[in-house]
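User: I am new to this protein model and would like to learn how its features are read. Please guide me through it step by step.

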Amino acid sequence: MAEDEPNNGAPGTQAGPYEGPRATDFTPEPDHSDDPGYITRTKFLSTVAIAGGGILTAAILVPVAGFAVASSLRSEKWRWVDIGPASDFLQNAPPYPNAEPSTKIGEVASLAVAGPDPEADRRIYVMFGLTNPSAKPVPGPNESTAAYNTRFAAWAAGLTAADMDVLAIWNRCAHLGCPVAYAPGSQGFICPCHGGAYDARGLVTGGPPPRPLDRLDLKIVDQSKQYSADQIAKGQDRLTLQQAIAKSSNPKVRVQVGKAYSISQEQQAFELHAPGEPVTGTLANLYPFT
Ligand code: FES
């Protein structure tokens with residue numbers, strides 16, 4: 001509207017006189033530039049950004065440093081734990097004179113083991129089975145059932161204690177620690193969390209685990225005999241599997257489990273590692289930065 005036009009509108013309407021604040025009403029903000037204690041908006045936002053960055057950096061670096069330090073400090077207390085008579089674990093021992101493919105070759109037992117260390121309350125699988133599970137015959141593509149059964153029976157009849165061993169396998173997945181379960185159908189261990197798969201000896205067959213399942217040292221001893229601490233330290237109290245099978249009806253022949261350890265895919269023993277840690281290869285040296 002031009003300055004000299006008459007104002008015909010009522011106050012408060014679009015045509016009415018302007019009643020809002022005017023530039024001349026503006027009161028300037030006080031200047032705090034020489035007050036060191038005064039926090040400007042820019043200063044406040046910079047402080048928040050620096051503090052947030054610090055928290056994020058700490059969130060990344062503290063666990064990494066913790067892992068690195070914990071690896072070198074980790075050492076587990078352990079003792080031998082009696083888990084029962086040998087007869088509980090060696091029931092299906094060789095010889096297998098008239099075996100069929102459904103005949104149980106060895107045993108799988110699952111039990112909880114309590115130890116002195118907080119982490120020693122663990123569930124283990126005691127595997128009494130073939131040292132080389134892949135030696136078990138499978139049906140040929142054009143083989144008749146009768147021919148396969150005959151071939152299986154001949155193979156089983158030749159098995160001795162030397163073809164078997166006993167392992168204590170910890171059910172803690174080597175990926176992120178979920179409990180694995182034994183699946184009799186696939187004769188291996190399956191992890192429900194991310195699909196990790198292991199064979200009957202705990203060796204990795206698929207999925208993300210960076211190493212096989214950990215084991216606990218296992219020995220079979222005859223408690224009717226006395227051994228000195230030195231003999232025990234040297235392993236002279238350990239029965240061979242053949243001796244243990246021959247004596248397994250004796251309730252004083254016992255199975256004991258001891259120190260937990262990790263293994264490589266080649267079943268070489270290593271100090272116990274945490275879930276996620278590889279034991280061999282370049283990545284083992286770079287952990288936890290991998
Ligand atoms: S925790 Fe077992 S596969 Fe991830």
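Analyst: Let us begin with a pair of strands: β5 and strand β6 (residues 188–190) run antiparallel and are joined by three bridges. Within this pairing, Ala181 stands opposite Ile190 in β6. Strands here are DSSP runs of E with at least two residues, helices are runs of H or I with at least four residues, and both are numbered from the N terminus. Two strands pair if DSSP finds at least two bridges between them. The model is predicted, so local features need pLDDT of at least 70 and side-chain atom pairs count only at pLDDT 80 or more, whereas totals for chains, interfaces and linings use all residues. Residues are numbered from 1 along each chain as its sequence is written, and side-chain values use heavy atoms, with hydrogens and water left out.

User: How many helices and strands does the protein chain have, and what share of its residues is buried?

Analyst: The protein chain holds five helices and 11 strands. Buried residues account for 33% of its 290 residues. A residue is buried under 20% relative accessible area, exposed over 50%, and partly exposed in between (1.4 Å probe, protein chains only). The chain exposes about 17,600 Å², of which carbon and sulfur atoms supply 58%; accessible areas come from the Shrake-Rupley method with a 1.4 Å probe, and for residues only the protein chains shown count as cover.

User: Why is strand β9 described as largely enclosed?

Analyst: The reading rests on counting buried residues along the strand. Strand β9 (residues 215–222) has seven of its eight residues buried, so the rest of the structure largely encloses it. Strand β10 is mostly covered as well, with nine of its 11 residues buried.

User: How many bridges join β9 to β10?

Analyst: Seven bridges connect these two strands, which run antiparallel.

User: Which other strands pair with β10?

Analyst: Strand β1 (residues 81–85) is joined to β10 by four bridges and runs antiparallel to it. With strand β11 (residues 269–270), β10 pairs in the antiparallel sense over two bridges, and Ile263 has Ala269 in β11 as its bridge partner. The hairpin of β10 and β11 has five residues between the strands, and there Gln267 takes a positive phi near 65°.

User: Is Gln256 buried or exposed?

Analyst: A single residue is read from its place, its cover and its contacts. Gln256 lies in strand β10 (residues 253–263) and counts as buried because its relative accessibility is 11%. Asp82 has Gln256 as its bridge partner in β10, while Lys219 also stands opposite Gln256. Contact means heavy atoms within 4.5 Å. Leaving aside residues up to four places away in sequence, Gln256 touches several residues, including Trp80, Val81, Leu218 and Gln223.

User: Where is Gly177 found, and which residues does it touch?

Analyst: Gly177 sits in the loop between β4 and β5. At a relative accessible area of 27%, Gly177 is partly exposed. Not counting residues up to four places away in sequence, Gly177 touches Arg172 and Pro275. Gly177 and Cys191 are 14 residues apart in sequence, with 9.3 Å between their C-alpha atoms.

User: What share of the contacts joins residues at least 24 apart?

Analyst: Among contacts in the protein chain between residues at least 6 apart in sequence, the share is 61%.
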